[in-house]
Amino acid sequence: MSIIRWTEDRTPQSARWHSENATPLPKRTVVADDRARADDAYRLACEGTALLWRGDFHNARQLLRAIGRRVDRRAPGSGASPNHSFHLHRRHSRHRARVLGKVLVVLDDDYTLALRRAPDVRRACLEAYGPPKGRTAVSLRELLGVIGAHQWRLEGIDVPALGARIHPHYGVFAPVRGEYVDLVARAPLPSATRRGPAGSTAFDLGTGTGVLAAVLAGRGISRVVATDVSSRALICAGENMDRLALADRVEVSGPGLFPEGRADLVVCNPPWLPARPTGPIEQGVYDPDSTMLRGFLSGLAGHLRPGGEGWLVLSDLAEHLGLRTRRQLLDAVHTAGLHVVGRMDTKPRHPRSQDPTDPLHAARSAETTSLWRLAARPASRAAASAGRGVAGAGKAAGLGGVSEICRRWA
């Protein structure tokens, strides 16, 4: 357990240090209040000094916004290429998070925030952090995220494709981009799902809030197994299934990627960008080394029933940013003993795709989200491709090799 220490009214003080992003203890901590000037606070934060806030809560939020404006004045413009722009953007985002994370507050033993005009954050902190473990120091920026997540959890997010609301938890990626949900709601179900008395089975890998598992159950799948590596996601998905009265048809299982057994349909919506996240919230967007994507593809054939399909829901934003090529994706598909049955595309509707001031606007405006329908290649074809390599596998399938596959599915 890390302990943060500071002096207040000439008296030594201490508290547990907590950071969801595993941010290390600040080099130095000073007490700040309503008299603090934004320029001074910005300079101290850039130097690595934390400001433990003891003034008015709303003034602390204003100070945080003022520091953010000063950080953004030094934001880089577009790079020489989309890939360069992405890395400049990520570096600036990490710097911004470090600087803004230097404004701290102290939560009392019961998570009370003892500042003037402060909201009651006890329930929000209990949901995010679990039972209190003593006086705790956290960044104000993180605490604001905890408060916002609590409101989302209470109010929920309307999902038109589901005809209901999904309630995300703190640290679980919220289904705010509805296009991928719409794809799963519209894609033609494989014939294998139309089974007899035993019924059909689907796996939803990386379920998060459970939204796709609920959509699959709503489409008539008899049994859905929803998995995730995150304990927070498993709790969140379980509560959503209870709220939607789907607990008898959706089994929440984990932590892990694939459950035991085989299914008629396996759905996976992995994080879309092969880069390292800086915190738990970003784990829904960034997949280091495409670990989850590769795990899904490599394990899919062994978890499909005869005639079954795997649905890979993936944005091509990584391709537009130069982080992954279409050929690399298709190579991975064929190396895993799979072939493409079909593909459905949709364009993003989120505000950033329409914002010309966004440093990644060129890539975002060209983005397409796709649902790739994948199936296992017959054993004889897979064996032949193993002997001839991926390009040979494409020719054996009558597609003229990987280059032609890329052209056909581009």
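Start with the open sheet: seven strands in the order β11-β10-β9-β12-β13-β15-β14, with mixed pairing. Strands here are DSSP E runs of at least two residues, helices are H or I runs of at least four, and both are numbered from the N terminus; two strands pair if DSSP finds at least two bridges between them. This is a predicted model, where local features need pLDDT of at least 70, side-chain atom pairs count only at pLDDT 80 or more, and totals for chains, interfaces and linings use all residues. Residues are numbered from 1 along each chain as its sequence is written, and side-chain values use heavy atoms, leaving out hydrogens and water.

Next, select 250–253 (β11) and 338–346 (β14): these are the edges, each with a single partner strand, so one side of each has no neighbour in the sheet.

Zoom in on Val340 and you'll find Leu374 of β15 opposite.

Now pick helix α6, residues 179–186, which lies across β12, β13, β14 and β15. Its direction is at about 40 degrees to β15 (axes are lines fitted to C-alpha atoms, for helices over the stretch in contact, with angles from 0 to 180 degrees between N-to-C directions; contact means heavy atoms within 4.5 Å). Helix α7 (211–218) packs on the sheet too, touching β9, β10, β11, β12 and β13.

Last stop: show Ala124, Glu127, Ala128, Val146, Ala149, His150, Arg153 and Tyr170, which line the largest cavity (on a 1 Å grid over the protein atoms alone, a set of points where a 1.4 Å probe fits but cannot get out; lining residues have an atom within 4 Å of a point). Helix α5 (140–155) gives the most to that lining, with four residues.

Methods: On a 1 Å grid over the protein atoms alone, a cavity is a set of points where a 1.4 Å probe fits but cannot get out, and a pocket is an open set with protein on both sides within 12 Å along at least five of seven lines; lining residues have an atom within 4 Å of a point.
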